[in-house]
Amino acid sequence: MSAARNGSRAGSARAGEATPAATRSGTAPAGRRRHPRAARIVAVIVALVVAWQFVATFAWNSSQTALTSLITLKALDAYMTPWFQQNWSVFAPDPVDANLSFDVRAKVSTDGTAHETGWYTVTDADITRGVLHKIVPSRDYLTNFQLVDDLYTAFDALPSSAQKVVAAQQTSPDWVPAVRGALVKDGVTTADAQNFSRYEDSAYRLATAVADVRWGAASGAADARISGVQVRLRSAPVRPFASRALGPSTTYSYFVDGWRAPLSIPDVNLGVIRALYGGGAK
Amino acid sequence: MSLAATGGVRGAISDAYARGEAWVLDEKRATYGASVARIVMGLTIVAFVLANAGVVRYHWGDASGWADPVRATSNWGWPFDIVFSHTEPVGVFLLFYWLLGLAGLALAAGCYPRIAAIVALFLYVSLVEGNPLAVDQTDNATRIILFFFCFTDMSQHWSVDAWRRSRPGHKRWRDRMPVLERLDWLPTILHNFALIAVALQLFVIYTVAGLSKVQGVSWQNGTALWYPLNVYRFEPWPALSHLLGGNALIVMVGTYVAVFAQLFFALLLLARWTRRIALLAVLALHGGIAIFLGLPLFSAAMLAADTIFVSSTTYAWLEAWVRRRVQTRNPR
């Protein structure tokens, strides 16, 4: 196909050289007009679309520059999201420099006797299963770490007085709106309270599922009952390059959320959770 | 056509316009690059499906209901909620999941690649955006780059479609519709502008990534590489990471190569010999990210796009070289 087209193109170009310019319509220089007028018009239109795409992408990516004020931000948003949304400040301005962990423990009652379990680190299982010695790691490198990051950030945004509210124990199964309400009453903005509540809710749904498959009825111990779960987030900074000779850092900062009643999780298949985080999981 | 002959600035502008128009209209450009991009993108999707087969139900499927409160923040929605849902029967969910793998395979093989690309793109986006906690720049790169390639002709080389067309007696469906034959400039325009769109998107990615890095102290003092090499979730090969991180020279060179390769990518493409430096530098960058940081799918999506900057001459030379080797090994 391409050989035939190339041939005819070369032929018409030669014919163009021989034809007097006067026989052509339009103002283009002689020897250039051999594409249909429709093609030339469409080319200009598509060029404008691509140019706009570039300007919009550039403006979107330089949100703090003068350029963005030239374009209405709302219009830019409407065009760029969700399809073209992007953020290329990856590993920047400074790269990720901390190991985040998601820990869960539970209060378990068996035959009327209650006991507290030790901490189980969900994210360690993710690294062992999905990242370690994998040529193509699975999404395990991302999802739970993103949850830790987002919940930690939401917690840090709370004023210190509100952090006492968060640490308090909640025994009612309907505790999510209760904590959110208590945060607002404490002076936290509705947006910040909602944001924290959203990630805390997800974290405790996950914690409930993990606790159930490790220590509760879903672990195989039919008479075991989870009466409370607790989440802890840890952030262990990588030792600065200059002091790398001291070996891996042993200190970490952490955030211990309060004891909470387990949540209802109808849309979490516990068989899958058991295979990934249960006692028998790798 | 010289400047004097056409008259000064006006002539120069109209000359440049004519050259640009010819570039866009004369023929499809970088057809080898688009074909290689197709193969890399297809294999990327296949690798994604295989790597996540054991955990897809946790991240997006019937065990991902724990993420429901966060799902409320998603700005996606229709039509990307049609095929994948964590509340649908898991059999249906997995059927579409494996269909995504199949679409990736068809794309890599070049079997109806445009259809395969559109199906793969729709399924991929529908799947990953189903959980806002499970998406990162890998997905943005894959989505945007594959979207632009949907407008290109990816089938001209090294594809099942090209092989099918080369067989005697093959009749293209287009030949039966003379109307479409007369519109054959349209695919050419879309192909060439899609390549330009890919190029411009890459310039934004690399330049923004480079500029945001030079603002960081650790990239300035040449130690940035050390940190991700010590973050376990970016460490598939800890022994290798420690070997690299333990060498101050490697850390410094790696850090600066990463910054300079990105910052100067677009400019280095301007001249032929610097273009080679640019391409080798980003190849090294993405190779490093793939192996040492455990992000091979991000690297592959980016490299798929970078393939359009390798000239068809180079690909044709490579093709001839491989063909010669195969023929000397299997003489007829």
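Guide: Helix axes are lines fitted to C-alpha atoms over the stretch in contact, with angles from 0 to 180 degrees between N-to-C directions. The model is predicted: local features need pLDDT of at least 70 and side-chain atom pairs 80 or more, while totals for chains, interfaces and linings use all residues; side-chain values use heavy atoms, leaving out hydrogens and water. Residues are numbered from 1 along each chain as its sequence is written, chains are lettered from A and ligands numbered from 1 in the order written.

Visitor: How are H6(B) and H7(B) set to each other?

Guide: H6(B) spans residues 90-109 and H7(B) residues 113-128. Their axes come within 8 Å and cross at roughly 140°. Roughly antiparallel needs over 145 degrees, roughly parallel under 35, roughly perpendicular 65 to 115. The pair is therefore oblique.

Visitor: How many residues of the contact of H6(B) with H7(B) are nonpolar?

Guide: H6(B) brings residues including Phe93(B), Phe96(B) and Leu100(B) into contact (heavy atoms within 4.5 Å). H7(B) answers with Pro113(B), Val119(B) and Leu123(B), among them. No residue there is polar or charged; the nonpolar count is 16.

Visitor: How many charged residues are in the contact of H6(A) with H9(A)?

Guide: The axes of H6(A), residues 143-156, and H9(A), residues 190-214, come within 9 Å. Their contact includes Asp150(A) of H6(A) and Glu200(A) of H9(A). It holds 8 nonpolar and 3 polar residues, and the charged ones number 2.

Visitor: What share of chain A is buried?

Guide: Chain A has 10 helices and 5 strands. It exposes about 13900 Å². Of its 282 residues, the share that counts as buried (under 20% relative accessible area, 1.4 Å probe) is 42%.

Note on methods
Helix = DSSP H or I, 4+ residues; strand = E, 2+ residues; numbered from the N terminus. Nonpolar A, V, L, I, M, F, W, Y, C, P; charged D, E, K, R; others polar. Buried < 20%, exposed > 50% of the residue type's maximum accessible area, 1.4 Å probe, protein only. Areas by Shrake-Rupley, 256 points an atom, 1.4 Å probe, with all protein chains shown as cover.
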